[in-house]
Structures are given as structure tokens and as C-alpha cells.
Amino acid sequence: MSRQFRGAVIGCGFFSQNHLHAWLDLERAEIVAVCDKDLAKAETAATLMPGTVRAYDDAAAMMQVEKLDFVDIATTTPSHRPLVEMAARHGVSAICQKPFADTLEDAQAMVAACDTTGVKLMVHENFRWQKPFREMARIVASGALGRLNYARFSFRHGYDNYKNQPYLAEIERFTIMDVGLHLFDLARHFLGDVDSLFCRTQRLNPIVRGEDSFHASLRHSSGAVSICETSFWTRWHPHPFPQTFALLEGDLATLELRQDFKLFLHRDGSIEEIAATPAIPEWGGAPWHGIQESVIAIQSHWLDCLRDDATPAPSGADNLKTLTLALAAYDSAERDTAVRIIEGGWK
Ligand SMILES: NC(=O)c1ccc[n+]([C@@H]2O[C@H](COP(=O)([O-])OP(=O)(O)OC[C@H]3O[C@@H](n4cnc5c(N)ncnc54)[C@H](O)[C@@H]3O)[C@@H](O)[C@H]2O)c1
């Protein structure tokens with residue numbers, strides 16, 4: 001198959017290695033340029049890709065020269081708004097890593113910039129694209145669970161994340177913005193929009209600056225309720241990192257995602273195991289394969305959207321609602337009170 005869409009990856013750090021390898025697996029995309037403000041990282045990334053891939057240390061210079069269909073932004077949050085706005089000005093569609101932004105104002109500005117020039121914008125929310133969650137969505141859509149009443153999404157571990165992502169120990173707003181966003185996206189994906197939220201946080205590991213544990217209780221507009229929770233300070237053996245566990249309860253059945261991607265459907269007085277183990281990419285390996293496979297899945301979805309002129313999932317506009325939940329969660333925890341989610345914010 002010929003490569004149909006020309007792209008560039010901006011940000012060649014830790015997580016971008018998954019993006020770069022996944023693009024290599026997707027024959028419809030051709031990465032023609034890579035960019036990192038640290039040129040050595042861009043040059044190393046360029047050597048991964050076949051053919052002549054140009055390496056840049058300045059995204060503005062790259063956008064002047066390259067003819068692109070999309071950019072894949074895998075930088076940390078402060079650079080997202082200038083990079084997305086730059087792509088929009090050049091008429092280039094953009095994928096933006098999470099957290100989309102630190103403020104709703106920045107996120108709204110990116111959505112508006114892309115709307116104005118008619119380019120697509122997707123936030124790289126890969127958790128809903130993990131194999132077990134794709135499978136759970138398929139089962140929910142089949143009607144097997146009936147009306148959904150309750151869900152729990154849990155990401156608790158004691159893995160030393162600070163080796164690969166040292167910035168996590170430094171940031172003031174840590175686990176809600178790092179993993180909580182993914183869980184809120186899952187809660188909205190399965191149960192729909194949220195109208196109220198209560199959150200509590202903890203700072204447990206003395207080396208971190210922000211909260212490394214939180215739990216939030218969400219009430220959805222449908223009447224369903226959900227719990228989202230993370231901890232980076234949990235003793236557990238064998239280690240589940242980087243897996244998410246989940247429970248979905250409906251009128252007719254309950255669906256449970258346990259350790260090692262084991263999915264169970266409790267229905268009519270019996271329990272059925274359903275296969276949901278992700279494949280290990282050739283370039284990947286356990287325990288990262290659940291994440292790695294989801295990066296291939298979300299990037300493949302993005303190419304489908306470019307081909308079909310469809311709205312990506314989640315779009316920037318959709319992700320405004322997820323970001324609102326994360327920001328509202330901090331406010332709820334600080335004020336020790338439930339907050340109501342309203343159009344464009346919370347109170
Ligand atoms: N979706 C997931 O599962 C997942 C997992 C890990 C990290 N992430 C997210 O990915 C993002 C990157 O994380 P990371 O761990 O790879 O960080 P990192 O610091 O290792 O890499 C970021 C890279 O971006 C470069 N950069 C920053 N601003 C730039 C700019 N304006 N132009 C060009 N290059 C620029 C930096 O030099 C750095 O090399 C974060 O937002 C993080 O939250 C997502």
C-alpha cells in the first residue's frame with residue numbers, strides 16, 4: 001500500500017519512541033520530518049525511520065519547509081498551544097499528547113484555532129484505545145450489560161516512574177493531570193458526560209511535589225456514577241504497572257477487567273472469560289505492550305479519520321470536557337466539596 005499521509009513528529013523524548021515505532025507499522029503514513037528542540041534527539045529519531053527523514057530543532061522552521069498533512073505533537077504541555085496554533089496557521093492537522101493543556105483557556109484557544117482553519121485536532125488519549133477497553137466498548141455496544149449504573153477505573157501501583165519521566169516528581173499537579181485525565185476520559189467514554197464530581201488527593205511519596213494519589217466520585221448526566229482513582233505509592237505483587245483495572249455494572253451484567261488483561265463477564269449466574277490480551281508489537285515488550293498496542297490503534301484511527309474526513313476520538317473539542325473534570329477535581333479537593341460541572345467550566 002502506498003503511503004498516503006505525510007507527517008512530522010514534534011518532541012522526540014521518552015514516550016515519542018512509541019509514536020515513532022507505531023508510525024513505522026502503519027503503512028498509510030510517511031514520517032518525513034522529526035523535530036526536537038534538542039537536535040541530537042531529533043537526529044536519533046530520524047535514524048529510526050526509513051528513507052530521508054529531516055531532523056529539525058525548531059518547529060517553525062520545519063513548518064516553513066515541509067509539506068505536511070499532519071503533525072504528531074509528543075512534547076510536554078507548555079509547548080502544546082504554540083505548536084497546535086502553528087500547525088493550524090499552516091493548514092496542517094494535529095495530534096496533541098495529553099495533558100492537552102494546563103488551563104481551559106489554552107485548550108479552548110487550540111480548538112478555536114483548528115476550527116478557524118478547518119484542520120483536524122485529536123488529543124492522544126490512548127487508554128480508551130487499549131485492547132481491553134476496545135473490547136469492553138464492543139460488549140457494551142452489544143447491549144449485553146443493559147443500562148450502565150456504575151463504573152470504577154483504577155490505576156494503582158508503586159512503580160518507579162521517575163526514572164523515565166523525572167518531570168513527574170517536579171510538577172505541582174501530578175497524578176490527576178498525568179493519569180487521572182485518562183481515567184476521566186474512560187469514564188466519559190463509557191458513561192457519558194458528568195454533572196458533578198468530588199475528589200480527594202494525597203501526597204505519599206516524599207520525593208514528589210504534587211499529589212501522587214487521588215480518588216474522585218463522578219455523577220454522570222445519565223444517572224450512573226463512577227469512581228476514578230490512582231496511586232503511585234501502592235505495594236502490590238505481582239506489579240500491575242502500567243495496567244488499568246475496571247468494573248462496569250449494568251442492569252443485566254457486570255464486566256470486570258482484572259490483572260493481566262483478564263476480562264470477565266458476570267451474567268445469568270455464571271462468569272465467562274473474554275480474550276482481551278494485546279499483541280506485543282515487534283518493537284515492543286512486556287509490560288509496556290498494552291500501551292504500545294494502543295498507540296498503534298489510536299494512530300491508525302487518526303489515519304482513518306484523515307481518509308474519511310471524520311472527527312477523531314477524542315477530538316480537541318471533546319477533550320475540553322475531560323480537561324474540565326481534571327481541573328475541577330483539583331478545585332474540589334482544595335475546597336473539600338463537590339463541584340457542579342457546567343457548560344465551559346464548573347462551580
Ligand atoms: N499517553 C500516554 O500513555 C503517555 C505516557 C507517557 C507520557 N505521555 C505524555 O507525553 C508527553 C511527553 O512526555 P515524555 O515523557 O516523552 O517527555 P520528554 O521530556 O521525555 O520528551 C518531550 C520532548 O519534547 C521536546 N520539546 C519540548 N518542547 C518542544 C518544542 N517546543 N519543540 C520541539 N521539541 C520540544 C523536549 O526536548 C523533549 O525531548 C507528556 O505530555 C506526557 O504526559 C503520555
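## A walk through the rings and contacts

Start by selecting Gln-243, which lies in the loop between β10 (225-231) and β11 (245-250); strands here are DSSP runs of E, at least two residues, helices are runs of H or I, at least four, and both are numbered from the N terminus. Before going on, know that this is a predicted model, where local features need pLDDT of at least 70, side-chain atom pairs count only at pLDDT 80 or more, and totals for chains, interfaces and linings use all residues. Residues are numbered from 1 along each chain as its sequence is written, and side-chain values use heavy atoms, with hydrogens and water left out.

Is Gln-243 buried or exposed? Gln-243 is buried, at a relative accessible area of 12% (buried is under 20%, exposed over 50%, partly exposed in between, with a 1.4 Å probe and protein chains only). Now show what surrounds it. Leaving aside neighbours within four places in sequence, Gln-243 is in contact (heavy atoms within 4.5 Å) with residues including Ser-154, Phe-155 and Arg-258. Its side chain also reaches the backbone nitrogen of Asp-260 at 2.7 Å.

Hop over to Arg-258, which lies over the face of Phe-264, 4.1 Å from the ring centre. For a charge to sit over a ring, NZ of Lys or CZ of Arg must be within 6 Å of the ring centre and within 35 degrees of the ring normal. Arg-173 has its charged end over the ring of Tyr-330, 4.3 Å from the centre.

Next, colour the aromatics: the structure holds 16 aromatic pairs. Rings of Phe, Tyr and Trp (its six-membered ring) pair if their centres lie within 6.5 Å; planes under 30 degrees apart are stacked, over 60 edge-to-face, and the rest tilted. Pick Trp-23 and Phe-70, a tilted pair at 4.9 Å centre to centre with 45 degrees between the planes. Trp-23 is in helix α1 (residues 16-25) and Phe-70 in strand β4 (residues 70-73), 47 residues apart. Both Trp-23 and Phe-70 are buried.

Then take Tyr-162 and Phe-174, an edge-to-face pair at 6.1 Å and 65 degrees. Tyr-162 is buried, as is Phe-174. Ring pairs link these two into a cluster whose members also include Phe-155 and Trp-288.

Last stop: Asp-309, in the loop between α9 (289-308) and α10 (316-335). Asp-309 is exposed, with a relative accessible area of 63%. Which side chain does a polar contact join to that of Asp-309? Select Lys-120: the two side chains meet at 2.7 Å. Asp-309 and Lys-120 are 189 residues apart in sequence, with C-alpha atoms 8.8 Å apart. A polar contact is a pair of N or O atoms within 3.5 Å; within protein, one must be able to donate a hydrogen and the other to accept it, and residues adjacent in sequence count only if both atoms are side-chain atoms.
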